[in-house]
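Me: I would like to go through some of the labels attached to this model and the grounds for each. Please set the values against the cut-offs.

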Amino acid sequence: MTGSKILIEASADEVRKVLFDIANYPSWSKSIKGANVESSDDQGRPLRIQLTIEAGMLRDKPTLDYDWSGAPEKVSFSLVDADLLTQMDGTYIVKSLGDETEVTYELTSDVSMPIPKPMLESAEAGIIKAALEELKDKVEG
């Protein structure tokens with residue numbers, strides 16, 4: 001598992017509004033080119049979504065199941081199916097610090113081709129860093 005944190009100058013509710021709106025990730029995330037919600041819960045939150053990802057050398061269409069049981073502080077996802085990815089499990093943790101919000105993103109992934117573990121961890125760190133920075137840019141405007 002690889003993880004990182006970022007501080008965003010906004011309320012936790014403002015952060016959650018963007019972070020939990022997964023269907024709109026393609027409008028602000030450079031690596032997520034598409035998001036197709038396949039099913040939602042009674043609150044309109046996606047339970048299963050297929051993403052189109054282009055992150056460096058990784059180009060895939062993972063289908064993810066989302067777990068909202070820890071919401072609003074935490075949302076997790078796990079891989080259902082993909083072409084290259086064999087694992088993609090992640091968690092976002094949103095913690096209010098008053099005028100700022102701390103967002104933690106943890107990710108564990110694996111692919112069907114042989115890639116050295118340090119290289120995979122480096123790729124995860126890059127994906128996490130980009131995702132958190134893009135979230136911060138979107139929320140802070």
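Me: Where is Thr2 found, and why is Thr2 called buried?

Reply: In this predicted model, Thr2 is found in strand E1, which covers residues 2–8. Its relative accessibility is 13%, and buried means under 20%, so Thr2 counts as buried.

Me: What makes the link between the side chains of Thr2 and Glu124 a polar contact?

Reply: The side chains of Thr2 and Glu124 are joined at 2.5 Å. The cut-off for a pair of N or O atoms is 3.5 Å, with one able to donate a hydrogen and the other to accept it. The pair is therefore listed as a polar contact.

Me: Which residues does Thr2 touch, not counting those up to four places away in sequence?

Reply: Thr2 touches Tyr105, Glu106, Leu107, Glu121, Glu124, Ala125 and Ile128. Touching here requires heavy atoms within 4.5 Å.

Me: Why does Ile32 count as buried?

Reply: Ile32 lies in strand E2, residues 32–40. Its relative accessibility is 12%; the limit for buried is under 20%, so the label applies to Ile32. Leaving out residues up to four places away in sequence, Ile32 touches Tyr25, Pro26, Leu51 and Thr52.

Me: How far apart are Ile32 and Ala131, in sequence and in space?

Reply: In sequence, Ile32 and Ala131 are separated by 99 residues. From C-alpha to C-alpha, the distance between Ile32 and Ala131 is 9.6 Å.

Me: How do you know that E5 and E6 pair, and in which sense?

Reply: Pairing needs at least two bridges. Strand E5 (residues 63–67) and strand E6 (residues 74–81) have five bridges, in the antiparallel sense, so E5 and E6 count as paired. Asp67 has Ser76 in E6 as its bridge partner, and Tyr66 stands opposite Phe77 in E6. E5 and E6 form a hairpin, with six residues between them.

Me: What is the peptide bond between Ala71 and Pro72, and where is Pro72 found?

Reply: The bond joining Ala71 and Pro72 is cis, with omega about 10°. Pro72 is in the loop between E5 and E6. Most peptide bonds are trans.

Me: What makes E6 and E7 a pair, and how many residues lie between them?

Reply: E6 and strand E7 (residues 85–96) share four bridges in the antiparallel sense. At least two are required, so E6 and E7 pair. Ser76 has Thr91 as its bridge partner in E7. The hairpin of E6 and E7 has three residues between the strands.

Me: On what count do E3 and E5 pair?

Reply: Strand E3 (residues 46–55) and E5 have three bridges and run antiparallel. The requirement is at least two, so E3 and E5 are a pair. Ile49 has Leu64 in E5 as its bridge partner.

Me: How do H1 and H2 pack, and which residues make the contact?

Reply: Helix H1 (residues 12–19) and helix H2 (residues 117–140) pack at about 115°, with axes 10 Å apart. H1 passes H2 in a right-handed crossing. Glu14, Val15, Val18 and Leu19 of H1 meet Leu135, Lys138 and Val139 of H2. By class, the contact of H1 with H2 has five nonpolar, no polar and two charged residues.

Terms used:
Residues numbered from 1 in each chain as written. Predicted model: local features only at pLDDT ≥ 70, side-chain atom pairs only at ≥ 80, totals over all residues. Heavy atoms only, no water. Axes fitted to C-alpha atoms, helices over the stretch in contact; angles between N-to-C directions. Helix = DSSP H or I, 4+ residues; strand = E, 2+ residues; numbered from the N terminus. Left-handed = near helix turned anticlockwise from the far one by under 90°. Nonpolar A, V, L, I, M, F, W, Y, C, P; charged D, E, K, R; others polar. Buried < 20%, exposed > 50% of the residue type's maximum accessible area, 1.4 Å probe, protein only.
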